[in-house]
Amino acid sequence: NSQMSNPELSVYVGNIDPNVTKAQLYELFVQVSPISKIAYPKDKLLQTHQGYAFIEFYTPEDTNYVVKVMNNTVSLYDRFLKVRKSVQNLPSSNNKT
Amino acid sequence: ELEWSQIRKEKLPGVISAELRQIMNLQEGQLPPWYMKMQTNNNSNNSGAGSELELPPGYPGFKIAGINWDITNLKGETYGKLVTSKQKAND
């Protein structure tokens with residue numbers, strides 16, 4: 001259930017306070033785009049959230065729009081959410097970091 | 001925590017609950033912070049302002065109070081409204 005079916009349509013959301021719930025992430029991001037699915041991993045032993053999530057949308061336009069309007073825009077518990085596309089580069093670009 | 005199917009039914013664009021407003025530090029009757037980022041530079045239209053709003057592509061007909069919906073609709077937990085093709089834009 002934590003797998004994104006289409007990474008190209010997904011965003012990575014980082015810097016999430018562990019008190020934030022999946023329902024709150026849904027309510028926040030549904031404000032700017034219809035949502036296909038959310039993966040919000042928990043540590044299996046501690047049952048705490050890991051500080052990041054992947055959210056999948058329905059179209060590339062939606063995905064790009066979410067990154068544009070939501071990166072560094074909203075703070076939850078005084079921590080600004082970082083939002084970027086899950087797939088940064090096409091596999092063929094073969095970037096080194 | 002609510003069931004996923006129930007969340008999908010209950011949480012809609014244009015309304016932000018008191019619970020979420022508290023943790024994002026957004027007062028009732030305030031526009032959410034992302035509306036500032038909906039501005040896009042485009043001089044080709046007749047607005048003359050030099051920028052216009054790029055509304056969510058996933059929500060055709062989305063209304064935001066004070067922008068393309070009457071400002072008096074900005075109250076409580078509501079700041080916007082999803083208008084389906086069957087409804088009139090100004091109910």
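**Contacts between chain A and chain B**

A salt bridge, defined as a side-chain nitrogen of Lys or Arg within 4 Å of a carboxyl oxygen of Asp or Glu, is formed by A:Lys68 with B:Glu54, whose closest N and O atoms are 2.7 Å apart. The model is predicted, so that local features need pLDDT of at least 70 and side-chain atom pairs count only at pLDDT 80 or more, whereas totals for chains, interfaces and linings use all residues. Residues are numbered from 1 along each chain as its sequence is written, chains are lettered from A and ligands numbered from 1 in the order in which they are written, and side-chain values use heavy atoms, with hydrogens and water left out.

Between chain A and chain B, two salt bridges are counted. Contact (heavy atoms within 4.5 Å) links 29 residues of chain A with 29 residues of chain B. The area buried between the two chains, that is, the accessible area (1.4 Å probe) lost on putting them together, summed over both, is about 2,600 Å², and carbon and sulfur atoms give 59% of it. On the side of chain A, the most area is lost to chain B by A:Glu27, A:Gln31 and A:Tyr65, which together account for 27% of what that side buries.

A:Ser33, at 0% relative accessibility, counts as buried, the term standing for under 20% relative accessible area (1.4 Å probe, protein chains only), with exposed over 50% and partly exposed in between. Apart from neighbours within four places in sequence, A:Ser33 is in contact with A:Phe57, A:Asp62 and A:Val66 and, from the other chain, with B:Tyr59.
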